[in-house]
Amino acid sequence: MGENLYIAQAIVNNNSLHTDKIFDYSIPEDLQGVVAKGMRVMVPFGIGNNRLEAYILNIKKEEKVTYKLKDILYPLDDKPILTETQIKMILWLKNKYLCRYIEAIHCFLPSGIVNKEKKIVELIEKDWQKVISRNSKNQIEVLRILEDLGGKITLEKLFGKLSFKNFQSTLKILEEKNIIKIDYSISSRIKIQTQQYAQLTLKDDEVDTTIASLKNAKRQKEILLFLKAHKECAVKELLDILKVTRSSLNALISKGYITIIDKEHKRDPFKDIVFKDFPKLVPNSQQKKVIDVITNYIKEEKAHTFLLHGITGSGKTEIYLQLMEQVLKKDKQGIILVPEIALTPQTVERFYGRFGEGIAVLHSNLSDGERFDEWRKITEGKVNIAIGARSAIFAPFKNLGMVIIDEEHENTYKSEINPKYHAIEVANYRSKEEGAIVVLGSATPSIESYYKGEQKEVSLFTLTKRATASDLPEVEIIDMRKELDNGNKSILSHTLFSAIQQNLEVNKQTILFLNRRGFATFVSCRQCGYVVKCKHCDIAMTHHKNMKNLQCHYCGDKIQEPETCPSCSSSNINYFGAGTQRIESLINTYFPKAIIERMDMDSTIVKGSHQRILEKFKKGKIDILVGTQMISKGLDFPNVTLVGVISADASLNLPDFRASEKTFQLVTQVAGRAGRGLDKGRVILQTYNPEHYSIYTAANHDFESFYKEELLLRKEFIYPPFVQLINICFTGKNEKEVYIVSEKITNNIKYILQAKGYSQYNEIVFGPNPAIISKINEKFRYQILLKNHEVPYHLLRSIVKYLLLDKRQKFIPSTITVSIDIDPLYIM
DNA sequence: AGCACGCCGACT
DNA sequence: GTCGGCGTGCTC
């Protein structure tokens, strides 16, 4: 016939490395012009022609094909759910972060939108006992279960009940014997909620005559009058407002005067919250300069990145708000990223307070349905602003004007699951592709971002004035070694103790900060130095006092708290350092009259407990708040005049090249919690390393000095921003095998480097080494670290891609998992 | 991953 | 001869 063949190039929704490629499907004639690029379709896949959802990335025309192609079954969307821009970005993500297509695709879609055709198993031969031989144990088991559960269940459910794994052949035999039937049923986890609306079918001039004709039907007249005035109304509301019953309405419906239509009803997660108006503030001179400069870029639609380095309280949020106003004026949309939305309610409140409705909020604990609704508000153009955590960077705006990333140094902007993207990288990409600007803000910028500022790659603004007149708090460093010399074995120095006491006397609030949940509460023997570690994960176990046990925070294993040292039997075993719980109970005994509350991962498991504690604190119903990182962010309480940092060192001793940076950031952020009001704040910093630069520069609020010092070290030891890193982690149950595979890959990388003329590979490839956490959940972990030291970065990446993706089957047995992290934040 | 195929041992 | 366990290899 010589007719053209339309071929859809699609990615199947199958979370496997082996199917991570583009599959071609022919588009049957009746679907030509119906299915398009960016749509989801159902396709048959594999030998069993299992039905899978597939995402069409491209459609091409070919005259003939020499290979067999299967037909698309049917479309799942009536219009594309992925735009051209997004498809391009999917390819970029895959290539940059070396993830799978499907993982990149999932960034753009709300979870739960995925359709699956479930297999339904149905019993059709009731008298099966006559046909099946007594020996076929497995077949009998399947049929019994089917019978018990009503003769029709999903394959999944059946599989869950079976005592054997290999059910496929059993089912096939039963199907062939016509005893069971296997069918498909489509299921989507999300349903669009609809609400009934009443509408008039009469024309305006008909209404009055109709009303007159109704005579005695008083209620019906009221309804018609109401609808004449309001055009349409939700049935629920109509009945509520007019105090009429459904029967009156039904009468009108049966007479044909009114119709009921289903209208989509969007769930609103913030419906119960009233936001106070947040009026525009007059910017100070520094703020105004920033706003003016960036506004020009917005007006000219120039892609560019800005870094706002502003001390806490320098009014960055007001800058964000005024820039957003400019973006909206250009009919463009904006994204605001915050580290974690539950911890930064003030940012959300201010945006709502300034712009009212028209904002989509992408919470971390939205339900699938709520998330879907927020996503639809964006795709349908109903909102122009999206606020959310990391994943909101993928908000599907059509005309993006600006991305704001607040607290840009935060770790939460780097994804820990594939694709392991960094929100700043994605923002910069979108900026260039979509002509938007990026605004990064932080009181303690990351070394990488600040370095880019110095290199003029991004425009740097420094804000030194606090927007409100309050001064930065004074920070005192307490040398805990001297405390010990003076006979104070307590975890509170004399200075901090008396400061808390004074603060309580004048009815001011105190925040006590501890570096990590139970990070320091490892159990150690003073006699032999033995540290109790998890036998599965090789990390120190954490003491949980109220449970009287030790827990591993990686695998969750629990053991009884030991009374003597498991190694030398000495009774001199000690609970070292202190977790938040221990501090809480200690403070309780020191200050029995004070109201003390703890805020950490354990005390905020229950949904909404953050807000509850913070609300209580805001109202002044808590005297002392003890907490972890969680309390270091964004809290702005004027009555807090004292911040105590119990031990500034815990994060300093982490085995990571960013340990100093993290310590500086934490101490600075926490110190910024004091003195937000009219009273001067006081910060007391307890440490065993008072001479460490990250401690004293943080105490002096001196980012510049810290940066200079840190940058020297980064340069000397060849770390980012001077090189880029790639971390490859191999995981498996057999330690020897994991080691051998990772060593083989290491040698291959070195071999290729040498062949390409880079013989100094010992400065490029490090490892394989056991990961710092060398064992998680009975699985051993080895890693290779790559640095692009005097070797092109793209060469390193293409080597990794070649060995671990393209030729994966050749090098990696299926018992080993490989995880690739491009530009890792932690190497653990 | 998910499925079928094919080889082999157990059991009638 | 039949059934079921397990290893292997492919998926448009």
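**Note on the predicted model**

1. In this predicted model, the end C-alpha atoms of residues 297-463 lie 19 Å apart, and the span is 37% helix and 23% strand, where helices (H or I, at least four residues) and strands (E, at least two) are DSSP runs numbered from the N terminus. The UniProt record, an unreviewed entry, annotates residues 297-463 as "domain: Helicase ATP-binding"; such annotations may be inferred rather than shown by experiment.

2. Around DNA strand B stand Asn14, Ser16, His18, Thr19, Ile47, Gly48, Asn50, Lys119, Gln168 and Lys172, a residue being near if one of its heavy atoms lies within 4 Å. These residues divide into one nonpolar, seven polar and two charged, with Ala, Val, Leu, Ile, Met, Phe, Trp, Tyr, Cys and Pro taken as nonpolar, Asp, Glu, Lys and Arg as charged, and the others, Gly among them, as polar.

3. Of the atoms of DNA strand B within 4 Å of the protein, 57% belong to sugar or phosphate and the rest to bases. In the side chain of Asn50, an N or O atom is 2.6 Å from a phosphate oxygen of this DNA strand.

4. An open, antiparallel sheet is formed by three strands in the order β23-β24-β25, two strands being paired if DSSP finds at least two bridges between them. Its edge strands, β23 (542-544) and β25 (558-560), each pair on one side only. Strand β24 (residues 549-551) pairs with β25 over three bridges, and Gln551 has Lys558 in β25 as its bridge partner.

5. Residues are numbered from 1 along each chain as its sequence is written, and chains are lettered from A in the order in which they are written. Local features need pLDDT of at least 70 and side-chain atom pairs count only at pLDDT 80 or more, while totals for chains, interfaces and linings use all residues, and side-chain values use heavy atoms, without hydrogens or water.

Notes
Polar contact = N/O pair within 3.5 Å; in protein donor to acceptor, adjacent residues only side chain to side chain.
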